[in-house]
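Hi everyone, and thanks for coming. Please have a look at the sequence and the model on the screen, and I'll walk you through a few places in it.

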Amino acid sequence: MRKARVPVSLNELLVLLDALQKKVAFASLDDFYLLARLCLVKDEKYFDRFDQAFGTYFQGLEQVALFPEAELPEDWLRAEFLKHLTDAEKQQIEALGGLDKLLETLQQRLNEQQGRHAGGNKWIGTGGTSPYGHSGYNPEGIRIGGESRHKKAVKVWEKREFRNLDDSQTLGIRNIQVALRKLRRFAREGAAEELDLPDTIRSTANNAGLLDIKLVPERHNAAKVLLFLDVGGSMDPYIRICEQLFSAVRSEFKHLEYYYFHNCVYEKLWKDNQRRFQETVPTVEVLRTYGKDYRVIFVGDAAMSPYELLERYGSVEHMNDEAGQVWLQRILDVWDKAVWLNPAREDYWQYTRSTQMISKQLDGHMYPLTLAGLESAIAHLAR
């Protein structure tokens, strides 16, 4: 587990051993897998790493360390020279002599190979009879990339595509909910309807054994969130992930207020995109309505003309009397806990001046809409 970079301690192992002694899982590898994951993994984002560690230990799969760390250039593996061998030709190809020999020779090939190969019988490449590569034929080879054709590979080496539980991938509703819970601030609200067992026991004992029931208000998440969502235009490709975020936020926070804007916040916001020109809310009213204990989350790709941020009348949709940066700053002056979640790829941000300007205005608190990015944003808001 630790080699797979899953944070696990001796306590989790002891819990697992105790569960096994009590036969919570018995004589079933599938049941043991579920039990081990439940006991050892504390965060869903590590599920995929747990799967790798479990497969390595229990299913005879090779350690990742057996393979060289360097990645192969993709053009070495292009299947442009696929050979169509006859059965007689295939029977003439000799195996190298087992998995250990294959791995040893693969390491030698990687150390020696200087370029791309196709149609050969020795180097790592495509379409040939070499034991290493893909889209060719060898009765006992290691497929590197590509797709299985003859079902002869004794080992498959290909880049692992993580599911959306891994840090670097975009989110699903469940992932978002897990990340948002770190912003929870519990408080007791409403009527006293929940049994306070410790106080009831203490009061009953002090009352000479006569039952004295004590009730307290239920605990609720008291965290307050203001959500500002960019819609339309360049945000259209991100509709699905924004819907998932919106759904998760609404389910997690009792105190949630949301408003829409386009590109940048100006003097008006709205709550219904179908009637955004008829039913708007003055931004000044929003600034005056909600207390300083709210946390602010902007969601948008921050991609727009710099004039929309810097100039009067710079908006693409209306004649704004004040620049977008002015309105953004007013929001930041009221709520100092604010982050910007950006669904665009982080490596693209450097090419958009407006994105850099907004990130700078928020003191760098712009985060990608990935699990790792959302966790970092929530950690900032929770301080």
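This is a predicted model: local features need pLDDT of at least 70, side-chain atom pairs count only at pLDDT 80 or more; totals for chains, interfaces and linings use all residues.

Residues are numbered from 1 along each chain as its sequence is written, and side-chain values use heavy atoms, with hydrogens and water left out.

Let's start with the whole chain. The secondary structure comes to 13 helices and 14 strands. By that I mean DSSP runs numbered from the N terminus: H or I with at least four residues for helices, E with at least two for strands. The protein chain has 383 residues, and 43% of them are buried. Buried here means under 20% relative accessible area, exposed means over 50%, and partly exposed is in between, with a 1.4 Å probe and protein chains only. Now take contacts, meaning heavy atoms within 4.5 Å. Among contacts between residues at least 6 apart in sequence, 65% join residues at least 24 apart.

Helix α1 covers residues 10–21 and helix α2 covers residues 29–40. Their axes come within 8 Å and cross at roughly 145°. Axes, by the way, are lines fitted to C-alpha atoms, for helices over the stretch in contact, and angles run from 0 to 180 degrees between N-to-C directions. α1 passes α2 in a right-handed crossing. A crossing is right-handed if the near helix is turned clockwise from the far one by less than a right angle, and left-handed if anticlockwise. Which residues of α1 and α2 meet? From α1 we have Glu-12, Leu-13, Val-15, Leu-16, Ala-19 and Leu-20, and from α2 there are Phe-32, Leu-35, Ala-36, Cys-39 and Leu-40. These contact residues divide into 10 nonpolar, no polar and one charged. For the sorting, Ala, Val, Leu, Ile, Met, Phe, Trp, Tyr, Cys and Pro count as nonpolar, Asp, Glu, Lys and Arg as charged, and the others, Gly among them, as polar.

Now for another pair. Helix α11 (residues 324–334) and helix α12 (residues 353–361) have axes 11 Å apart and pack at an angle of about 25°. That angle makes α11 roughly parallel to α12. The scheme is this: under 35 degrees is roughly parallel, over 145 roughly antiparallel, 65 to 115 roughly perpendicular, and the rest oblique. α11 also passes α12 in a right-handed crossing. On the α11 side, Gln-325, Leu-328, Gln-329 and Leu-332 take part, meeting Met-357, Ile-358 and Gln-361 of α12. This contact has four nonpolar, three polar and no charged residues.

On to single residues. Most residues other than glycine have a negative phi. With that in mind, find Arg-5, whose phi is positive, near 65°. Arg-5 sits in the segment before α1 and is exposed, because its relative accessible area is 56%. Tyr-313 also has a positive phi near 65°. Look for Tyr-313 in the loop between α10 (306–310) and α11; at 39% relative accessibility, this tyrosine counts as partly exposed.

Leaving out residues up to four places away in sequence, Tyr-46 touches Arg-5, Val-6, Pro-7 and Val-41. Is Tyr-46 buried or exposed? Buried, because its relative accessible area is 16%.

My last stop is Asn-263, in the loop between β9 (255–261) and β10 (268–270). At 7% relative accessibility, Asn-263 counts as buried. Beyond neighbours within four places in sequence, Asn-263 is in contact with Asp-230, Ala-303, Met-304, Glu-308, Val-316 and Trp-340.
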